[in-house]
Amino acid sequence: MKETAKFYKAFGFTIKSSIALPELKSMPSSLDTVDIEIEFGNLTEAWNSVSTPSNRFFVSKQQIMFHLAHIAIYSIENGNKIIVSPMEGTEESQLRLYILGSCMGAILMQRKVFPLHGSAIAIDGKAYAIVGHSGAGKSTLASAFIEEGYDLLTDDIIPLTFSKESGKPSVIPTYPQQKLWQESLAHFGHDSSNYKPLINRKTKFAVPVTNQFSDKPLPLAGIFELVKTKEDHITLMPIQKLDRLQTIFNHTYRNNFIDGMNLREWHFQSAVKVINHVNIYQLRRPGLGFSVGELVDCVLGLLIKIAK
C-alpha cells in the first residue's frame, strides 16, 4: 500500500501524500513549501490511550483522532499532518474517502478555515453555497446547475476564508468531484456503470467534474439551505435575524468538533461575518412530484431579481 510520496493541490493547500489521491490536481514534486503531509503510521497504541467505549472520536485543541472499524485509525494534527493507520485488507479507495472528508474538515478547523457542509457553485463570478442535512439533495441540485453550464467549486466541504480588510467571505475550491446517488445520475441521463461506487454506499458514486470546475477562490454571495418537506410546492424565503446564526451552526462541517477544539468563540465570530455579508435563504422542496430544474429556475430567478 505504501508508495513514493506525491504532491497535490486542493482546499487551497499544497499536499504531500504517501497515499495516492487521484481525485486531486497533481503538482510538481520539486515544491519547496508543503502545507499538509499525509503519511502512514501505527496509531493503535495512541488510540487505545485516548479512546472510550462510547466515543469513536478524540478531540483536543491540536489533535483529532477517530477509529473506523475494519478500515483505519486516523490522526489529524496541528493543521498540517494526517496520519493513517489502516486495518489489514483495507483498500486505498476506502482510506481516501475519509482523508478527503472528515480529515480535511478537521485540518480546516485546526487552521481556522471555516467549513460549511454542502456544495458551492460559481455563477457570474460569485460563489453560492447549497447546504442542508443528509438526504436534502445538495449534490443533486449542484449537479443540476452544472448541467445548465455553471461550474462546481466544491462538493461536501465548503471552505470559507475572510478578507482581513472587509471581513467578507470567499469560497476556496476543493477538488473536481461530486458524490451522487444512482437515482440522481439516472435523472441526468448518466450511466452509473461509468463511475466508481463509494465504499459502503454501493448506490452512491464518485463523479468527476473536470470540465466544469472553477479552481479560483470566489466571493460568497449567497447561501441556500435546501430542506425536503411534505409540501407539494417549492418555497424560497429569506432566513431572518438570529435564525441565520443557527443555520450556519447546523451546517458547519463536523460541528461536533467545535467545543473539543476550544473554537466556540472563533466559530461564532466567523458566523457573524458570514451573516453580516451574505444573504441566507431557505429553499423548501417537495419530497415527491417536482423537477430539480424547477429549483434551479427558482434560485436563478431570485438572483436576476436581486441584480436589477
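**Cavities**

A cavity here is a set of points, on a 1 Å grid over the protein atoms alone, where a 1.4 Å probe fits but cannot get out, and lining residues have an atom within 4 Å of a point. I noted a volume of about 50 Å³ for the largest cavity; a volume is the space filled by probe spheres set on the grid points, which are joined across faces, edges and corners.

I then listed the lining of the largest cavity: I121, I123, Y128, I130, L141, F145, F224 and V299. At least two lining residues each come from β9 (114-123), β10 (126-131) and α3 (138-147). Helices (H or I, at least four residues) and strands (E, at least two) are DSSP runs, numbered from the N terminus. Ala, Val, Leu, Ile, Met, Phe, Trp, Tyr, Cys and Pro count as nonpolar, Asp, Glu, Lys and Arg as charged, and the others, Gly among them, as polar.

**Basis of the entries**

I number residues from 1 along each chain as its sequence is written, and side-chain values use heavy atoms, with hydrogens and water left out. The model is predicted, so local features need pLDDT of at least 70 and side-chain atom pairs count only at pLDDT 80 or more, while totals for chains, interfaces and linings use all residues.

**Second largest pocket**

I recorded about 750 Å³ of space in the second largest pocket. A pocket is an open set of points with protein on both sides within 12 Å along at least five of seven lines. It is lined by 32 residues, and those closest to its centre are E23, L24, Y175, P176 and Q177. I noted that β1 (6-10), α2, β13 (177-181), β14 (196-198) and β15 (201-208) each give at least two residues to the lining. Helix α2 provides the largest share, 4 residues. The lining divides into 18 nonpolar, 6 polar and 8 charged residues.

**The sheet**

I traced an open sheet of 8 strands in the order β3-β1-β2-β4-β8-β7-β6-β5, with mixed pairing. Strands β3 (25-27) and β5 (57-59) are at the edges with a single partner strand each, so one side of each lacks a neighbour in the sheet. From one strand to the next the twist averages 20°; axes are lines fitted to C-alpha atoms, for helices over the stretch in contact, and angles run from 0 to 180 degrees between N-to-C directions. Two strands pair if DSSP finds at least two bridges between them.

I followed β1 to β2, which run antiparallel with 5 bridges, and found I15 in β2 as the bridge partner of Y8. These two strands form a hairpin with 2 residues between them, and F11 in the turn has a positive phi of about 60°. On β3, β1 pairs in the antiparallel sense over 3 bridges, with K9 opposite K25.

I also checked β4 (residues 36-40) and β8 (residues 81-86), which run parallel and are joined by 4 bridges. In β8, V84 is the bridge partner of F40. Helix α2 (residues 92-110) packs on the sheet and touches β2 (13-17), β4, β6 (63-68), β7 (72-77) and β8, its direction making about 25° with that of β7. Contact means heavy atoms within 4.5 Å.

**G293**

I located G293 in helix α7 (residues 292-307). G293 counts as partly exposed because its relative accessibility is 28%, between buried (under 20% relative accessible area) and exposed (over 50%), with a 1.4 Å probe and protein chains only.
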